Amino acid sequence: YGNYAMQWLCKAIESYENAFGTDLGFLNTPGLTDLGWYDLAVTGSVAIYGYGDCYTGFENYKYMMWCASRAKDSALLMTRLEEMEKMGYEGGTLELIYYDPSLLDEASERKLDYYVRGMEIVTMRQNWFDKNATFLGTHAGIAYRDHGHFDIGTFAIHMAGEELFREIGSENYSFDGYFNGFNRYRYYRARPEGHNLYVINP
């Protein structure tokens, strides 16, 4: 959802600035230009850490150079370029427009471990874009939210090119009552039993 929304939001913000001379306050949204790092952080060695209703395959995030340009974040730009090279990803229109080579001249440092406050997600990795690297993802926070599962404390581990512990991602959205309050938790994928958790007296 983040990838889909950001590709349109970036274009909307640029359109507002060009048409009205203002971004209408969107760029003041806390964490907006950090979303590139979030999407990279939850991308494991062999799949996305797909907690809740998240997709569990790989995604090509074509808005990252917009984030890097807006935040003047040389580390994000260089990480995206490395991702494109090692994963074989093609860039998009936004990346063609907002690629800022001047950022490559700046010293940059990137972390291997991330903590996303509020969402309470932690990811740790051995290195970036290496399918044989060890990766750990886990999360806490609030379970009962849009697209949430009863999966607080669940985790995923990738090692030696395999998902040793994995999340199975979203259920079929067309199932009866899936988006009707607590009904979604009748389905296995949304219940604790469908995650890497200890379950006592289900």
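This is a predicted model: local features need pLDDT of at least 70, side-chain atom pairs count only at pLDDT 80 or more; totals for chains, interfaces and linings use all residues.
In strand β4, F155 is the bridge partner of T138.

Another place to look is L136, which stands opposite I157 in β4. Strands of a sheet pair through backbone hydrogen bonds, either parallel or antiparallel.

Now turn to the other neighbor of β3. Strand β2, residues 121–125, is joined to β3 by five bridges. These two strands also run antiparallel. Here I121 stands opposite H139 in β3.

Step back to see the whole sheet. It is open and has five strands, in the order β1-β2-β3-β4-β5. The pairing is antiparallel. Which strands lie at the edges? They are β1 (114–116) and β5 (162–165). Each of these pairs on one side only. From one strand to the next, the twist averages 15°.

In β3, the covered face holds F135, G137 and H139. The uncovered face holds L136 and T138.

Next come the charged side chains. How many salt bridges does the structure hold? There are 11 salt bridges. One of them joins K72 and D100, with the closest N and O atoms 3.9 Å apart. K72 lies in the loop between α3 (64–71) and α4 (74–87), and D100 lies in the loop between α5 (93–98) and β1, so the pair ties together parts that are 28 residues apart in sequence. The two partners sit in contrasting surroundings. K72 is exposed, with a relative accessible area of 52%. D100 is buried, at 16%.

A second salt bridge brings together the side chains of R110 and E82, at 2.6 Å from N to O. This pair also links distant parts of the chain. R110 is in the loop between α5 and β1, while E82 is in helix α4, 28 residues away. Are these two residues buried or exposed? R110 counts as partly exposed, at 32% relative accessibility. E82 is buried, with a relative accessible area of 18%.

R191 and E193 form another salt bridge, and here the N to O distance is 2.9 Å. R191 is partly exposed, at 28% relative accessibility. E193 is partly exposed too, with a relative accessible area of 26%. Salt bridges can also join into a network, and E14, E17 and R70 are linked in this way.

Now move to helix α5, where Y98 is found. Y98 counts as buried, at 18% relative accessibility, because buried means under 20%. Y98 and M65 are 33 residues apart in sequence. In space, their C-alpha atoms are 5.8 Å apart.

The surface has a nonpolar patch as well. Which residues make it? Y1, Y173 and F179 form this patch, and its area is about 350 Å². F179 is in the segment after β5. F179 is partly exposed, with a relative accessible area of 48%.

Finish with the cysteines. How many disulfides are there? A search of the whole structure finds zero. C54 is partly exposed, at 23% relative accessibility. C67 is in no disulfide either. The nearest cysteine sulfur to C67 is that of C10, 5.5 Å away. C67 counts as buried, at 0% relative accessibility.

How values were computed
Residues are numbered from 1 along each chain as its sequence is written. Side-chain values use heavy atoms; hydrogens and water are left out. Two strands pair if DSSP finds at least two bridges between them. Helices (H or I, at least four residues) and strands (E, at least two) are DSSP runs, numbered from the N terminus. Axes are lines fitted to C-alpha atoms, for helices over the stretch in contact, and angles run from 0 to 180 degrees between N-to-C directions. A salt bridge is a side-chain nitrogen of Lys or Arg within 4 Å of a carboxyl oxygen of Asp or Glu. Buried means under 20% relative accessible area, exposed over 50%, partly exposed in between (1.4 Å probe, protein chains only). Patches are made of residues with over 30% relative accessible area and no salt bridge: like charges are joined within 9 Å, nonpolar side chains (Val, Leu, Ile, Met, Phe, Trp, Tyr) within 5 Å. Accessible areas come from the Shrake-Rupley method with a 1.4 Å probe; for residues, only the protein chains shown count as cover. A disulfide is a pair of cysteine sulfur atoms within 2.5 Å.
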